[in-house]
Amino acid sequence: MVYAETEFRKHVFATKNNPDFLGMVAYFNLTTADSKDNNISLFQYLNKGYGLGLRLNISKKARTNLGGDYGWGDYGANGFYMRLNETF
């Protein structure tokens with residue numbers, strides 16, 4: 001399996017105590033995988049995904065963010081995702 005993603009993040013609103021209070025993100029990703037059982041080779045199919053999201057910084061010191069994203073993918077896939085904290 002090969003997975004690649006790129007993101008664009010931007011701070012859009014600041015407060016006196018938190019300059020990173022509200023941010024937005026736009027992202028795009030590609031995935032491919034092989035399957036010997038199904039005779040599919042790597043890079044034979046590329047599936048894409050993309051989306052937009054908002055980040056609300058709850059605590060800058062603890063790096064705690066509340067995030068909400070809406071994403072779209074191939075074959076009519078889409079969904080809304082919420083998370084607390086960041087992956088990296």
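D69 and R55 form a salt bridge whose closest N and O atoms are 2.7 Å apart (a salt bridge being a side-chain nitrogen of Lys or Arg within 4 Å of a carboxyl oxygen of Asp or Glu). D69 sits in strand 4 and R55 in strand 3, so this pair ties together parts that are 14 residues apart in sequence. Strands here are DSSP runs of E with at least two residues, numbered from the N terminus.

A word on the source: this is a predicted model, where local features need pLDDT of at least 70 and side-chain atom pairs count only at pLDDT 80 or more, while totals for chains, interfaces and linings use all residues. Residues are numbered from 1 along each chain as its sequence is written, and side-chain values use heavy atoms, with hydrogens and water left out.

Back to the charges. The structure holds 4 salt bridges, among them these:

| Pair | Closest N and O atoms |
|---|---|
| D69 and R55 | 2.7 Å |
| R83 and D69 | 2.7 Å |
| D74 and K48 | 2.8 Å |

R55, D69 and R83 are linked in a salt-bridge network. How accessible are its members? Buried means under 20% relative accessible area, exposed over 50%, and partly exposed in between (1.4 Å probe, protein chains only). D69 is buried at 6%, and R55 is buried as well, at 9%. R83 is partly exposed at 24%.

As for the other pair in the table, D74 is buried at 17%, whereas K48 is partly exposed at 39%.

Now for the strands, which pair if DSSP finds at least two bridges between them. Strand 3 (residues 47–59) pairs with strand 2 (residues 22–32) in the antiparallel sense over 10 bridges, and A26 has L52 in strand 3 as its bridge partner. Strand 3 also pairs with strand 4 (residues 64–73), again antiparallel and over 10 bridges. There, G53 has D69 as its bridge partner in strand 4. The hairpin of strands 3 and 4 has 4 residues between the strands, and R63 takes a positive phi near 55° in it.

The loop between strand 2 and strand 3 holds N39, which is exposed at 69% relative accessible area.

Finally, the rings. The structure holds 3 aromatic pairs (rings of Phe, Tyr and Trp, the last by its six-membered ring, with centres within 6.5 Å; planes under 30 degrees apart are stacked, over 60 edge-to-face, the rest tilted). F13 and F21 make an edge-to-face pair, 6.1 Å centre to centre with 65° between the planes. F13 is partly exposed at 45%, and F21 is partly exposed at 28%. Elsewhere, ring pairs link Y50, Y70 and W72 into a cluster.
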